[in-house]
Amino acid sequence: MEKDEIEILIFVSQSRDYILPHTSAILQDRLGLSKKCLAFDVGLGCTAFVYGLSIINSLISLGKIKKGLLLMGDISSNGSYRDKSSYPLFGDAGTATACIFDETAPESFYNLQTDGAGYDAIIAPTGGNRNKFFKKALVYKKIEDGIYRNAANVVLNGIEVFNFALREVAPNVVSLLEYANTDIRTIDHFVLHQANKLMNNTIRMKLKAPKDKFPLSLDKYGNTSSATIPVTIVSELRDQVSNSELNMLFSGFGVGLSWGSVLTQTKNMVCPEMLIYEDHIKHLNQNKYHYKVK
């Protein structure tokens, strides 16, 4: 792909550079893309890859746009370093997926869902326009033993999220397979959002699918939010997707609350190696004690 061929750039993240402007515009400039390139942000986390694919593939499938980039990534520093209930779970990652129009490509099937009644199960309560940032928002308070947070840190209700995932994800996948008239036994790999190993194993057992079809990257990189599905593909399935034609099912679930799955076929994907940025990890470690506690 040449830079001037890229006609659309979508950035899906909860870690935008600024409230204004949209980060995708900054990325368009830094990548040296044409000013004719359509660029916009989508504010999603755990379901980012599935929702993002549905958006960019829908636009490209119309035929006018031929080549595009789906970019996503999140950082863990929005959480409190002294919050044992959430901070140890998360990792930092960014991913880039190239999408190209191919009129011979088989159809992909999506099942996307939302339940905003659970919006506060994963939330950063201060810093947006509803609860604006204020001076004392940076003061850390003891919530309970091992949990110190300020008003701008992410709050995670792990039990609520766990119950939500066990309740909603398997039926979503089953419904998608029924709609696509596809037998679950024909799926080569199920790549789930990497939030919790027990959660994913329980979803697998609900689907009655073999363990070796559910790759895990959680033990290596933690929960990288929007990036978990492509990170898992590159980390655990690079050889398979690069040299085979596969039936794949991707499923994301979490913040929103939102969840969704896509059934798609891949063939000899171009899959670069994982890049690890140690300097960023060192920077985070150097700054982990810079906070005030009340």
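**Close-up views of a predicted model**

Pro-21 sits in the loop that links strand 1 (8-12) to helix 1 (23-30). Everything below comes from a predicted model.

View A. The peptide bond joining Leu-20 and Pro-21 is cis, with omega at about 0°. The spot to look at is the loop between strand 1 and helix 1. For context, most peptide bonds are trans.

View B. Leu-257 belongs to the loop between strand 11 (245-254) and strand 12 (258-267).

View C. Most residues other than glycine have a negative phi. Where do you find Ser-225? Check the loop between helix 5 (218-221) and helix 6 (228-236). Asn-268 is in the loop between strand 12 and helix 8 (278-286). Are these residues buried or exposed? Ser-225 has 9% relative accessibility, so it counts as buried, the cut-off being under 20%. Asn-268, at 42% relative accessible area, is partly exposed.

**View D. Helix 3 against helix 4.** Two packed helices are described by the angle between their axes and the distance between the axes. For helix 3 (residues 158-179) and helix 4 (residues 197-207), that angle is about 35° and the axes are 9 Å apart. The crossing is right-handed. On the helix 3 side, the contact includes Val-161, Phe-162, Ala-165 and Val-169; helix 4 brings, among others, Leu-198, Met-199, Thr-202 and Lys-206. Sorted by class, the contact of these two helices has 12 nonpolar residues, one polar and one charged.

**View E. The largest nonpolar core.** In soluble globular proteins, nonpolar side chains tend to be buried together. The largest such core in this model has 31 residues. Which of them have the most contacts inside it? They are Met-199, Ile-203, Leu-249, Phe-253 and Leu-263. Two or more core residues come from each of helix 3, strand 10 (189-192), helix 4, strand 11 and strand 12. Helix 3 gives the most, with 10 residues. Zoom in on Leu-263 and, leaving out residues up to four places away in sequence, you'll see it touch Phe-109, Leu-176, Ile-187 and Leu-249, among others. Apart from this core lies another one, of 26 residues, including Leu-44, Ile-56, Ile-60 and Phe-250.

View F. Strands of a sheet pair through backbone hydrogen bonds, either parallel or antiparallel. This open sheet of four strands runs in the order 2-1-3-4, with mixed pairing. On average, neighbouring strands are turned by 15° against each other, direction ignored. Strand 1 and strand 3 (residues 67-74) pair in the parallel sense over five bridges; in strand 3, Gly-68 is the bridge partner of Ile-8. Helix 2 (residues 48-61) packs on the sheet and touches strand 1, strand 2, strand 3 and strand 4. The direction of helix 2 makes about 165° with that of strand 3.

Definitions and conventions:
Residues numbered from 1 in each chain as written. Predicted model: local features only at pLDDT ≥ 70, side-chain atom pairs only at ≥ 80, totals over all residues. Heavy atoms only, no water. Buried < 20%, exposed > 50% of the residue type's maximum accessible area, 1.4 Å probe, protein only. Axes fitted to C-alpha atoms, helices over the stretch in contact; angles between N-to-C directions. Left-handed = near helix turned anticlockwise from the far one by under 90°. Contact = heavy atoms within 4.5 Å. Nonpolar A, V, L, I, M, F, W, Y, C, P; charged D, E, K, R; others polar. Core = buried A, V, L, I, M, F, W, Y, C linked by side-chain atoms within 4.5 Å. Pairing = 2+ DSSP bridges.
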